[in-house]
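Visitor: I would like to learn how to read a model like this one. Please take me through it feature by feature.

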Amino acid sequence: MIRTIESIIGEINKVKNILVVGHIMPDGDDISSVLSLTMGLEKLGKNVRGVIDWEIPGYLEEFPYVKEKIKSYDCIKEFPAELIISVDASSPDRIGRVYDHFKFARSVVIDHHATNTYFGNINWVDKFGATAQMVLRLNKMLEIEYDKDLSTVNLLGIATDTGFFKYSNTDATIFKDVAWLVDKGGDIGFISNMILENKPYEHLMLYKDFLDEMRFDDNIAYSHITLDMLKKYKIPPKDSPSFVGELRSIKGVEVAITFSEAEPNVYHVSMRSKNWFDVSKVAVHFGGGGHPRAAGFSKETSDLKKLEKDVVETIKLLMESYK
Ligand code: 5GP
Ligand code: MN
């Protein structure tokens, strides 16, 4: 691990212009990783551009520095990137059109997904609870000074990817990193207010409809959010909540699935498991990826019912192999 970080530092030392890229459908860990690395490299005196080829969901857009430091794809066309560092993305399709630029620059992949396809010149893929922890290690080795802002931004990803320190990926390194960041001024109360206590009223109204559509098949719970359901409450698709955690929280449920229509007839499928089932295998089977307890994929179809049936049947078949 140390040797890989050292070769990443070697690449960073060689260049001035660095592009830091996050993944499509960004989550808290992704935003945190892009921001923390961008801010860290800026402190080193580099010319850095953070980019995500996707709209930022409302609940993350308001977070400090997001609007200022994370640009959309068009803004990078003229950027003379010598090095591209991808964070929290497990495969090239996850970084959208930015992957086209890998031809023209050296590339580094920093990620914590076991399903990673090693698509960079240097790949640091490790079993951390959050990619933000990996960025913290890199920044520390670069001797970047952590102030209150950088600590809070870096803490965001560690908080969100561990479900605020309660998922099974919450190991001792998480608490050590959190203690270090909080000591440097990281504001966990602010993060939890921004992320957990900031739900638009319309999302709760949508939740009623989501529950009306909920179905069970043995220990599998699933439901969907269609564009029509979003339209009813004037929620833009980029701000679609997934509610998949709520489904998983039901007593007796091992696997929870939410099918969210992202654009007409294109569904993002979010899966979560509670104790033993590996949902990343199902995601990979359908062309996606993720972690054993949280994974997903996207699928184009005009037949949602059939997609639901296919996914549930695949899970049931895989469950047989555990017996
Ligand atoms: P979510 O269900 O919150 O969208 O994603 C859960 C996990 O699965 C995240 O770690 C995310 O990166 C991964 N994931 C979700 N969708 C995809 C996808 O389409 N492809 C890949 N490779 N990973 C995905
Ligand atoms: Mn992550």
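Visitor: Is Thr 258 buried or exposed?

Guide: Keep in mind that this model is predicted. Buried means under 20% relative accessible area. Thr 258 has 0% relative accessibility, so Thr 258 counts as buried. Thr 258 sits in strand β9, residues 255-263.

Visitor: Which residues is Thr 258 in contact with, leaving aside its neighbours within four places in sequence?

Guide: There are contacts with Phe 210, Ser 223, Ile 225, Ser 242, Phe 243, Val 244, Leu 247, His 268, Val 269 and Ser 270. As for Asn 17, that residue is 241 residues from Thr 258 in sequence. Between their C-alpha atoms there are 40 Å.

Visitor: Let me try a helix residue. Where is Thr 38 placed?

Guide: Thr 38 belongs to helix α2, residues 28-43. With 1% relative accessibility, Thr 38 also falls under the 20% limit and therefore counts as buried. Not counting residues up to four places away in sequence, Thr 38 touches Val 20, Val 48, Gly 50 and Lys 69.

Visitor: And why does Leu 204 count as partly exposed?

Guide: Leu 204 counts as partly exposed because its relative accessibility is 49%. The helix that holds Leu 204 is α9, residues 201-212. Leu 204 and Leu 37 are 167 residues apart along the chain, with 34 Å between their C-alpha atoms.

Visitor: Now a whole helix. How many residues of helix α5 are buried?

Guide: First the general idea. An α-helix has 3.6 residues a turn, so residues three or four places apart point the same way. Now the case here. Helix α5 spans residues 131-141 and is mostly covered, with nine of its eleven residues buried. The buried ones are Thr 131, Ala 132, Gln 133, Met 134, Val 135, Leu 136, Arg 137, Leu 138 and Asn 139. Just after α5 comes Glu 143, with a positive phi of about 60°.

Visitor: What is Leu 138 in contact with, beyond its neighbours within four places in sequence?

Guide: Leu 138 meets Ile 5, Ile 8, Ile 9, Ile 12, Leu 37, Ile 110 and Trp 124. The largest nonpolar core has 50 residues. Leu 138 is among those with the most contacts inside that core, along with Ile 12, Ile 31, Leu 41, Ile 85 and Ile 110. A second, separate core has 21 residues, including Ile 220, Met 271, Phe 277 and Leu 307.

Visitor: Which residues does UniProt list for the domains?

Guide: The UniProt entry is unreviewed, and it places "domain: DDH" at residues 17-158. Over residues 17-158 the chain is 32% helix and 19% strand, and the end C-alpha atoms lie 27 Å apart. For "domain: DHHA1", the unreviewed entry lists residues 222-315. That stretch, residues 222-315, is 32% helix and 32% strand, with its end C-alpha atoms 12 Å apart.

Visitor: Last, the pockets. How much space lies in the second largest pocket?

Guide: Rolling a probe the size of a water molecule over the atoms shows where empty space is left. In this model, the second largest pocket holds about 180 Å³ of space. It is lined by 14 residues, and the closest to its centre are Ile 52, Trp 54, Ile 56, Lys 71 and Ser 72.

Visitor: What is the lining of the second largest pocket by class?

Guide: Six residues are nonpolar, one is polar and seven are charged. Helix α4 (66-69) and strand β3 (70-71) each supply at least two residues of that lining.

Note on methods:
Residues are numbered from 1 along each chain as its sequence is written. Chains are lettered from A and ligands numbered from 1 in the order in which they are written. This is a predicted model: local features need pLDDT of at least 70, side-chain atom pairs count only at pLDDT 80 or more; totals for chains, interfaces and linings use all residues. Side-chain values use heavy atoms; hydrogens and water are left out. A nonpolar core is a set of buried Ala, Val, Leu, Ile, Met, Phe, Trp, Tyr and Cys residues joined through side-chain atoms within 4.5 Å. Buried means under 20% relative accessible area, exposed over 50%, partly exposed in between (1.4 Å probe, protein chains only). Contact means heavy atoms within 4.5 Å. UniProt positions are given in the numbering used here, feature names are shortened, and annotations may be inferred rather than shown by experiment. Helices (H or I, at least four residues) and strands (E, at least two) are DSSP runs, numbered from the N terminus. On a 1 Å grid over the protein atoms alone, a cavity is a set of points where a 1.4 Å probe fits but cannot get out, and a pocket is an open set with protein on both sides within 12 Å along at least five of seven lines; lining residues have an atom within 4 Å of a point. Grid points are joined across faces, edges and corners, and a volume is the space filled by probe spheres set on the points. Ala, Val, Leu, Ile, Met, Phe, Trp, Tyr, Cys and Pro count as nonpolar, Asp, Glu, Lys and Arg as charged, and the others, Gly among them, as polar.
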